[in-house]
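The following exercises are to be worked with the sequence and the model in view. Each task is followed by a solution that goes step by step.

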Amino acid sequence: MRALLQRVHEAWVTSAPERDAPAEEVGRIGAGLLALVGVAHEDDDVAATRIADRIATLRVFPDAEGVPNVSCLDAGGAVLVVSQFTLYADTAKGRRPSYVAAAPPEHAEPLVERVAQRLGEHGVTVATGRFRTHMNVGLVNDGPMTILLEV
């Protein structure tokens, strides 16, 4: 399982049933992390729990001296969780990425939901995108700070 984390001042996601359909905002956070979450075929509940625990406790927020030494949990930040199968794109050859390493939606959806649930169990405020829809994600990046987690 992979999560691309971006520290944000704010982030939001809209969802539409298809690309050109009207979209509605389905998730919004203030300061915290945007977590784009990708699931592979072999991922399971253990991986989802582990990555959520890492997201909640990764020290990427500045302390009093400006050093990234505070976790999202300790900073009182929120997390916007958005599924992102393209994190498993294989671009080793050709001009079109292959996504065969990404889990199918039936496998990935409950695991992305488990990530959001586990973050909530930590006491983190969580917002999410909507699976199997066309989403637009907006953010005001803080830093910018972007980190790739893999478990």
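Helices (H or I, at least four residues) and strands (E, at least two) are taken as DSSP runs and numbered from the N terminus. The model is predicted, so that local features need pLDDT of at least 70 and side-chain atom pairs count only at pLDDT 80 or more, while totals for chains, interfaces and linings use all residues. Residues are numbered from 1 along each chain as its sequence is written, and side-chain values use heavy atoms, with hydrogens and water left out.

**Exercise 1.** Locate valine 39, and decide whether valine 39 is buried or exposed.

*Solution.* Begin with the secondary structure: valine 39 belongs to the loop between S3 and H1. Next, apply the accessibility classes, in which buried means under 20% relative accessible area, exposed over 50%, and partly exposed in between (1.4 Å probe, protein chains only). Valine 39 has 4% relative accessibility and therefore counts as buried. Finally, list the contacts (heavy atoms within 4.5 Å): leaving aside neighbours within four places in sequence, valine 39 touches Met1, Tyr88, Ala101, Ala102, Ala103, His107, Ala108, Leu111 and Val112.

**Exercise 2.** Describe how H1 and H3 cross, and state which residues make the contact.

*Solution.* Axes are lines fitted to C-alpha atoms, for helices over the stretch in contact, with angles running from 0 to 180 degrees between N-to-C directions. The axes of H1 (residues 45-57) and H3 (residues 105-121) come within 8 Å and cross at roughly 40°. Angles under 35 degrees count as roughly parallel, over 145 as roughly antiparallel, 65 to 115 as roughly perpendicular and the rest as oblique; H1 and H3 are therefore oblique to each other. On the H1 side the contact is made by Asp45, Ala48, Thr49, Ile51, Ala52, Asp53, Ile55 and Ala56, and on the H3 side by Leu111, Arg114, Val115, Arg118 and Leu119.
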